[in-house]
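Thank you for coming, everyone. Please take a moment to look at the sequence and the model on the screen, and then I will walk you through a few places in it.

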Amino acid sequence: MDKFIDNKWLLRITALSLAVLMFFSVRPNGTNNVDSTTSGMRDAIIQDVPVEIRYDDSNFVVSGVPQTVDVKIHGPIGIVITTQTGRNFKVIANIKDKPSGEHVIKYKAVGFSDKLDVEVDPKTAKVMVEERITKDVRVEPEINENQLADHKFVKSMTTEPQTVTVSGAKSAIESISYVKATVSAEKGTDKTFEKSAGVKIFDRDLNILNVDVEPKTVTVKVELGEYNREVPVIIKAKGTPAKGYAVESVTSKTKKVVIYGSRAEIDQIHQITVDADVSDLKKSKTVNGTIHKPKGVTSTSIDRIDIKVNITKDNENNSDDVANSEDSTEKEDEETTTSDEKTLQNINVRLAGLDVAAFNHAFVTPTTGQIDVVAKGEGAAKLTPGDVSVSVDASKVTEGTEELPVQVDGPGNIEFRPSMTNVQVHFTKKAS
């Protein structure tokens with residue numbers, strides 16, 4: 001035994017044998033670990049890979065290409081994992097050589113290892129190539145008037161610039177129906193203001209169109225006016241003329257006055273009463289009448305009006321003989337018959353020719369959409385509101401507030417005088 005231990009060559013051979021045995025006993029496990037990371041195969045799906053479209057975007061517009069696709073890969077586990085985490089790849093849709101029209105194109109996946117099997121899902125896309133055209137269009141500003149103070153309304157709205165340049169597919173440009181810049185305001189806004197607003201392009205069904213706009217925003221100036229309506233002036237005699245005299249009439253050339261204030265309150269005011277002071281008068285004269293503002297009225301278009309007061313002596317015509325009196329009575333009756341006069345009240349103003357499918361409307365002045373009509377002539381006293389038609393021509397209106405002349409139609413032998421020669425109506429386009 002001692003000889004065996006002391007033999008150097010025998011010990012060397014034994015050590016070499018053990019080393020070889022240990023090497024082969026360990027190597028299979030090591031080989032399995034390498035296979036599990038580099039030689040094993042795996043499938044994977046990489047989702048939402050962005051698609052890069054290559055085409056002549058200065059002359060053409062392409063539609064139908066999805067923003068992302070999925071990519072299926074198969075290959076060694078290590079390369080699959082590296083690809084998934086690195087994402088140094090992309091999918092290309094090359095449409096540079098395609099003319100206008102519909103085409104089916106194949107995707108090209110680039111940046112993937114050549115040791116991977118790569119498949120784009122879907123494999124193809126049906127695309128439309130259209131000519132790109134450019135057009136200048138006018139911007140229509142709009143605002144929700146419910147955001148304004150109750151005593152204000154939109155007098156006018158303008159944009160700067162007034163037009164924008166849109167560019168896109170020919171079919172999209174030709175379908176443009178509305179170019180809007182919608183501006184918002186703080187609740188209760190009561191002063192004219194300017195604000196920036198984005199420009200949006202719509203088709204007739206109010207779908208937003210995918211077109212390029214330059215500039216993308218405009219400055220909208222909203223000019224506010226005091227809410228107002230026109231009402232008739234009613235004159236009343238105040239006081240008592242001198243003894244022996246009487247008031248024959250009180251009249252004024254001012255028939256109407258515009259009142260301003262809260263919408264809710266002045267819509268309830270249908271007339272303004274002005275007093276004519278006739279105290280101690282012995283002869284006809286023109287007096288000054290002050291317009292007193294009713295509750296809710298902040299101001300009026302005029303503060304004072306001239307009133308003509310006609311004064312007569314009591315019983316000054318009693319000395320006429322009976323015959324003359326009878327003749328005079330007959331003459332007066334004849335004049336009354338030939339010059340009848342009647343005021344027809346609250347007649348609706350008809351918007352003739354208005355495209356009701358395209359526009360909503362709201363009367364600004366008068367807010368009720370009704371006016372009075374004075375009829376004068378033989379038979380006028382027998383007329384009813386139904387015998388008279390009041391209308392304005394609304395066939396050519398655009399969005400915004402329009403001032404339209406009033407037209408009165410009725411029996412041809414009678415003269416008609418409307419209480420307002422023009423009305424103001426605000427029009428807004430309907431959403432389809």
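**A cavity, a helix and a lysine**

The largest cavity holds about 40 Å³ of space, where a cavity is a set of points, on a 1 Å grid over the protein atoms alone, at which a 1.4 Å probe fits but cannot get out. Before I go on, please keep in mind that this is a predicted model, in which local features need pLDDT of at least 70 and side-chain atom pairs count only at pLDDT 80 or more, while totals for chains, interfaces and linings use all residues. Residues are numbered from 1 along each chain as its sequence is written, and side-chain values use heavy atoms, with hydrogens and water left out.

Which residues line the largest cavity? They are Y55, D56, F60, V62, I95, K96, K98 and V129, lining residues being those with an atom within 4 Å of a point.

Turning to helix 3, which spans residues 77-86, we find I77, V80 and T83 buried, meaning under 20% relative accessible area with a 1.4 Å probe and protein chains only. Seen down the axis of helix 3, these buried residues fall within an arc of 130°, so they line one face of the helix; the arc is that of the directions from the helix axis to the C-beta atoms. The face turned away from that buried side carries T82 and T85, which are exposed, that is, over 50%.

Finally, K152 is buried, with a relative accessible area of 14%, and its side chain makes a polar contact with the side chain of E226 at 3.3 Å, a polar contact being a pair of N or O atoms within 3.5 Å, of which, within protein, one must be able to donate a hydrogen and the other to accept it, and residues adjacent in sequence count only if both atoms are side-chain atoms.

Terms used. 1 Å grid on protein atoms, 1.4 Å probe; cavity = no way out; pocket = protein on both sides within 12 Å on 5 of 7 lines; lining within 4 Å. Points joined across faces, edges and corners; volume = space filled by probe spheres on them. Helix = DSSP H or I, 4+ residues; strand = E, 2+ residues; numbered from the N terminus.
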